[in-house]
Amino acid sequence: MATEPPPPPKGGQEPTPRTPSTEEFVEVQQSAEFGELRTAHRSFAFPLTIAFIAWYLVYVLLSNYAGDFMGTKLFGNINVALVLGLGQFLTTFLIAWFYSRHAASKLDPKSEAIKSRMEGDA
C-alpha cells in the first residue's frame, strides 16, 4: 500500500532526516538499548495476547459445550452468555488502553531515542 508523503511545510523546505546504512541498522538491532526495547514490548504483549486468546477460547468452548450454563439467566433477559460476550468487548478495549499507556511510558521514549540517534538528530 503506497502512501503519499506529507506536503512540505509552509515557509521553506524542512530538512529530510539522514538515512542510516545497513551496517548502522544491524548495529542498532544488536545493541543493548534495542534489546531493552524489544524486551519491554514482548514482556507486555505476549502475556496479554496469550491471556486474551485463552479467555476467548474459554468463551467459545463454554458457548459450544455448556449451553445450560451459558443460558442461565442472571436478571431479566440477561444471561451468562451475554455478560461474557460483552466482557470480550470490554477486555479488548481495556487491553488497547493498557497497551497505549505502556507504549507511551515505556516504548515511545526508548524508540524515539534510537530513532533520533539513527537520523543524526542527537
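Where in helix 2 is the kink centred? The kink of helix 2 is centred on Arg 42 and amounts to about 25°, the bend at a residue being the angle between axes fitted to the seven residues ending there and the seven starting there.

This is a predicted model, in which local features need pLDDT of at least 70, side-chain atom pairs count only at pLDDT 80 or more, and totals for chains, interfaces and linings use all residues. Residues are numbered from 1 along each chain as its sequence is written, and side-chain values use heavy atoms, with hydrogens and water left out.

**Overall arrangement**

The protein contains 4 helices and 2 strands, where helices (H or I, at least four residues) and strands (E, at least two) are DSSP runs numbered from the N terminus. Their order from the N terminus is α-α-α-β-β-α. Of the 122 residues, 16% count as buried; buried means under 20% relative accessible area, exposed over 50%, and partly exposed in between (1.4 Å probe, protein chains only). Accessible areas come from the Shrake-Rupley method with a 1.4 Å probe, and for residues only the protein chains shown count as cover. Among contacts (heavy atoms within 4.5 Å) between residues at least 6 apart in sequence, 64% join residues at least 24 apart.

**Helix 2**

Helix 2 has 34 residues, which at 1.5 Å a residue should span 50 Å; the end C-alpha atoms lie 48 Å apart, in agreement. The expected span is 1.5 Å times one less than the number of residues. Gly 35, Leu 37, Ala 40, Phe 44, Ala 45 and Tyr 59 are buried in this helix, and the buried residues pack against helix 3 (67-70) and helix 4 (80-119).

Tyr 56 also belongs to helix 2 (residues 32-65). Tyr 56 counts as partly exposed because its relative accessibility is 42%. Together with Ile 53, Leu 57, Leu 61 and Tyr 65, Tyr 56 forms a nonpolar surface patch with about 570 Å² of accessible area. Patches are made of residues with over 30% relative accessible area and no salt bridge; like charges are joined within 9 Å, and nonpolar side chains (Val, Leu, Ile, Met, Phe, Trp, Tyr) within 5 Å.

**Helix 4**

Helix 4 has a kink of about 45°, centred on Ala 103. Its buried residues include Val 80, Leu 84, His 102, Ala 103, Leu 107 and Met 118. Cover for the buried residues of helix 4 includes helix 1 (22-29), helix 2, helix 3, strand 1 (73-75) and strand 2 (78-79). His 102, in helix 4, touches Ala 40, His 41, Phe 44 and Leu 107, not counting residues up to four places away in sequence. Gly 120 follows helix 4 and has a positive phi, near 85°.

Glu 33 is in helix 2 and Arg 117 in helix 4, so the pair ties together parts that are 84 residues apart in sequence.

| Residue | Relative accessibility | Class |
|---|---|---|
| His 102 | 12% | buried |
| Glu 33 | 27% | partly exposed |
| Arg 117 | 37% | partly exposed |
| Tyr 56 | 42% | partly exposed |

Note on methods
A salt bridge is a side-chain nitrogen of Lys or Arg within 4 Å of a carboxyl oxygen of Asp or Glu.
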